[in-house]
Amino acid sequence: MISIRDLRVAYGTRVVAHVPALDVGAGECVAIVGESGSGKSTTLLAALGLTEGADVSGEVTVCGVDVLRARPRALRAIRGSKAALVIQSPQAALSPTTRLGALMRRALRLHGVTGRPSRAKSPSEEPGVPGGSPRGGIDGVMAEACEAVMLDPAILRRYPHEISGGQAQRFAIALAIALGAEVILADEPTSALDVTVQAEVVGVLRRLREERGLALLIVSHDLALVSTIADHVLVMKDGEVVESGPAAQVFTRPGHPYTRELLEALP
Ligand SMILES: Nc1ncnc2c1ncn2[C@@H]1O[C@H](COP(=O)(O)OP(=O)(O)OP(=O)(O)O)[C@@H](O)[C@H]1O
């Protein structure tokens, strides 16, 4: 679903992220960890062609689209529908005067999700995803997407300022699901949340990838969180990947002194 080869992102003469190889398959979770400024978010944004003003080279393929060479139309087709970006403070991106339900409905219409059975991929394969809603219609798709992230669909009647940071992040994930996302790219997915809600959101992400085969690329400085969900971990430092391997290996037998440092800093 995501394949990156020899990605280099530079601002002026400074290379801020260099990623030799990164692959995320369906149902997999890959995490990028590292200290602030190490190039994690830049890598995530580059995967969707969103690093404005940067010189970007290499190969990036997301849902079959050659991101660095695709026309804007092809990029728009994957952004927001097939590949959804969940950012640190989703509330800031929501229009304050529009109820969440209206926001979600507008996004679904924009991407042609009607909730009619004709759009269903395979109801047996993906129950409750766009078009396959047993309740039918766009309202059914919206309600099921909320329930998939453990939000009461009544939240759709609220305004963005009436929900918590955790609910906002779950709403962003619900929106991605309603749109039929195959890939979720999440930047510090639980940064705004307290510990209990964090565990809930991670549980939701874990279940979604198991049940729907979602591919997850997560950026986080929280190694404890990453250890509960990632299959594969990339450790970045000063724009370079210093270690990359299966999560179990990176956490139990770290090969790089910097990874050991990060692990030792864990409470
Ligand atoms: N638009 C930009 N112009 C110039 N430099 C930038 C730009 N965006 C990011 N950088 C630089 O690139 C480096 C990597 O930033 P990035 O946001 O990818 O780090 P990060 O590891 O995600 O950090 P954090 O955890 O704080 O979000 C930083 O030194 C940052 O200052």
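Which residues are around the ligand? In this predicted model, the residues around the ligand are Tyr11, Val16, Gly34, Ser36, Gly37, Ser38, Gly39, Lys40, Ser41, Thr42, Gly53 and His221. Sorted by class, that shell comes out as 9 polar, 2 nonpolar and 1 charged residues. As for where the shell comes from, helix H1, spanning residues 40-47, supplies the largest share, with 3 residues.

H1 itself deserves a look, then. The helix is mostly covered, with 7 of its 8 residues buried. Those buried residues are Lys40, Thr42, Thr43, Leu44, Leu45, Ala46 and Ala47. Two of these names, Lys40 and Thr42, also turn up in the list of residues around the ligand. After H1 comes Gly49, which has a positive phi, near 70°.

Stepping back to the whole protein, the model has 10 helices and 10 strands. Of its 267 residues, 43% are buried. Contacts that reach across the sequence are well represented: taking contacts between residues at least 6 apart in sequence, 63% join residues at least 24 apart.

Helix packing can be followed from H4 (residues 100-110), which packs with H5 (residues 137-148) and also meets H6 (residues 165-178). With H5, the angle is about 115° and the axes lie 11 Å apart; the two helices are therefore roughly perpendicular to each other. Their crossing is right-handed. On the H4 side, the residues involved are Gly101, Met104, Arg105 and Leu108, and they meet Ile138, Val141 and Met142 in H5. By class, this contact has 5 nonpolar residues, along with 1 polar and 1 charged.

With H6, the H4 axis crosses at roughly 30°, and the axes come within 10 Å. An angle under 35 degrees counts as roughly parallel, so H4 and H6 are roughly parallel to each other. This crossing, too, is right-handed. Here Leu100, Met104, Ala107 and Leu108 of H4 meet Phe171, Leu175 and Ala178 of H6. The residues of this contact divide into 7 nonpolar, with no polar and no charged ones. Met104 and Leu108 of H4 take part in the contact with H5 and in the contact with H6 as well.

Val250 has 26 other C-beta atoms within 10 Å, and because 20 or more make a residue buried, Val250 is buried. Leaving aside residues up to four places away in sequence, Val250 touches Val233, Val235, Glu243, Gly245 and Thr259. Leu100, one of the H4 residues that meet H6, is 150 residues from Val250 in sequence, and their C-alpha atoms are 40 Å apart in space.

Arg69 is the other one. Its place is in the loop between strand S5 (65-66) and helix H2 (72-78). Arg69 has 10 C-beta neighbours inside 10 Å, and since 12 or fewer is the cut-off for exposed, Arg69 counts as exposed. Between Arg69 and Ser57, which are 12 residues apart along the chain, the C-alpha separation is 10.0 Å.

Key: Residues numbered from 1 in each chain as written. Predicted model: local features only at pLDDT ≥ 70, side-chain atom pairs only at ≥ 80, totals over all residues. Contact = placed C-beta atoms within 7 Å. Axes fitted to C-alpha atoms, helices over the stretch in contact; angles between N-to-C directions. Helix = DSSP H or I, 4+ residues; strand = E, 2+ residues; numbered from the N terminus. Parallel < 35°, antiparallel > 145°, perpendicular 65-115°, else oblique. Left-handed = near helix turned anticlockwise from the far one by under 90°. Nonpolar A, V, L, I, M, F, W, Y, C, P; charged D, E, K, R; others polar. Near = placed C-beta within 6 Å.
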